[in-house]
Amino acid sequence: MNLEKEKCLNALEEGEILSRDQWKILLQAPTKEDARILAEKASKIRDQQYGKRIFIRGLIEFTNYCKNDCYYCGIRRSNLHASRYRLTQEEIMECCRIGHELGFRTFVLQGGEDPYFTDERMICLIRGIKEAFPDCALTLSIGEKERESYAAFRQAGADRYLLRHETADDDHYRLLHPPELSPKHRKDCLRTLKELGYQTGAGFMVGTPGQTPDTLAADMEFLQELKPEMVGIGPFLPHHDTPFRHQPAGDVGLTLYLLSLVRIMLPKVLLPATTALGTASEDGREAGILSGANVVMPNLSPENVRGKYLLYDNKICTGKEAAQGLEELKASMASIGYQVVVDRGDYKKNTA
């Protein structure tokens, strides 16, 4: 690691707010040795904060309808080849019941921005899950809403909210999204979620078209300012029915390097080794853990819809991704020295 990078890394470890130029230095052509150094530091920090424990989240992809038309996403509204579905409340509750028996203590309701799921329907669903499984945390990942909706979901019992900011650079945001979507509104939603007391998750894809070291530096600046409790980072993977179908996939090595940087910057963060990472590389999830991650999200969705929630091509839908593969997941984590635990896995506000 060169002297400039080392100085910037030391400043980050000391909790300093880095400038755009400092972030660009850290992000400039990382070598394998740079990645090794960061992964060791990130793993040490994660172990100090959370031990060798890996938290599991039961992912329930309950609708693949979406009113938005983001250029990278396989469930965008203009994809007429997508096989659409919505789970009923009864089906969702059954997913939770199965997950609870398997030891899951966090459920993640993820879906497109589907107008069918009104605030009233979501509130009924949230209350139903929290009443039936009071020992569990509930995470929502259903996109941009107004403050009143977020407040109502919080009051109904939702604990966490995942909303990737996608990119903190306005020009880059417009390359990835149609004109009706606003980067300012996206960021405002995240700040609102924090204000309402959600454990809040932001994040971005690595290797999206138009991404540069400068846009990545903007992402890291934004995360350092927002201080989210969760950060989701995975490689960009193209989908054949989107405008980005011919674009190359994001780099796994750079994704891992960024995971390590996030852990060093936000020591207590809940950091997933994402499904996209596991799709892009056979040992992607394990590599993510060894780079500082401490969360994995197996799929609890019914088997007949798992293959329909396709944000990108070749998404893993069997084996470790399925709830039935939980034992295999435990074994793979144990093989690298970590233990999957039955725990809500909350953000540790008071962790030293």
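A residue is called buried here when its relative accessible area is under 20%. The legends below describe close-up views of a predicted model.

**View 1. Helix H10 is largely enclosed by the rest of the structure.** Of the 14 residues of H10, 12 are buried, so the helix is largely enclosed by the rest of the structure. Among these buried residues are the nonpolar Val-252, Leu-256, Leu-258, Leu-259, Leu-261, Val-262, Ile-264 and Met-265. The buried set also includes Thr-255, Tyr-257, Ser-260 and Arg-263. From its first C-alpha to its last, H10 reaches 20 Å, close to the 20 Å expected at 1.5 Å a residue.

**View 2. The largest pocket holds about 200 Å³ of space.** Its lining comprises 13 residues, and those closest to the centre of the pocket are Gln-224, Lys-227, Met-265, Leu-266 and Pro-267. One of these, Met-265, also belongs to the buried residues of H10. By residue type, the lining of the largest pocket divides into eight nonpolar, three polar and two charged residues.

**View 3. Phe-62 and Phe-117 form an edge-to-face aromatic pair.** The whole structure contains eight aromatic pairs. In the pair shown, the ring centres lie 4.8 Å apart and the planes stand at 80°; an angle over 60 degrees counts as edge-to-face, so the pair is given that name. Phe-62 lies in strand E2 (residues 58-63), while Phe-117 lies in the loop between strand E3 (106-111) and helix H5 (119-132). The pair therefore ties together parts that are 55 residues apart in sequence. Phe-62 and Phe-117 are both buried. Together with Tyr-116, they form one aromatic cluster.

**View 4. Tyr-71 and Phe-244 link distant parts of the chain.** This aromatic pair is edge-to-face, with 6.3 Å from centre to centre and 85° between the planes. Tyr-71 is in the loop between E2 and helix H4 (89-102), and Phe-244 is in the loop between strand E7 (230-235) and helix H10 (252-265), 173 residues apart. Tyr-71 has a relative accessible area of 22% and is therefore partly exposed. For Phe-244 the relative accessible area is 10%, so this residue is buried.

**View 5. Two arginines lie over tyrosine rings.** The charged end of Arg-121 sits over the ring of Tyr-116, at 3.9 Å from the ring centre. Tyr-116 is also a member of the aromatic cluster with Phe-62 and Phe-117. Elsewhere, Arg-86 lies over the face of Tyr-65, 3.9 Å from the centre of that ring.

**View 6. The second largest cavity has Phe-62 and Phe-117 in its lining.** The structure has two cavities of 30 Å³ or more. About 40 Å³ of space lies in the second largest cavity.

**View 7. Arg-306 is a buried residue of helix H13.** Helix H13 covers residues 303-306. The relative accessible area of Arg-306 is 5%, and the residue is therefore buried. Arg-306 and Arg-191 are separated by 115 residues in sequence and by 32 Å in space, C-alpha to C-alpha.

Notes
Residues numbered from 1 in each chain as written. Predicted model: local features only at pLDDT ≥ 70, side-chain atom pairs only at ≥ 80, totals over all residues. Heavy atoms only, no water. 1 Å grid on protein atoms, 1.4 Å probe; cavity = no way out; pocket = protein on both sides within 12 Å on 5 of 7 lines; lining within 4 Å. Points joined across faces, edges and corners; volume = space filled by probe spheres on them. Phe/Tyr/Trp six-rings, centres within 6.5 Å; stacked < 30°, edge-to-face > 60°. Helix = DSSP H or I, 4+ residues; strand = E, 2+ residues; numbered from the N terminus. Buried < 20%, exposed > 50% of the residue type's maximum accessible area, 1.4 Å probe, protein only. Lys NZ or Arg CZ within 6 Å of the ring centre and 35° of its normal. Expected span 1.5 Å × (residues − 1).
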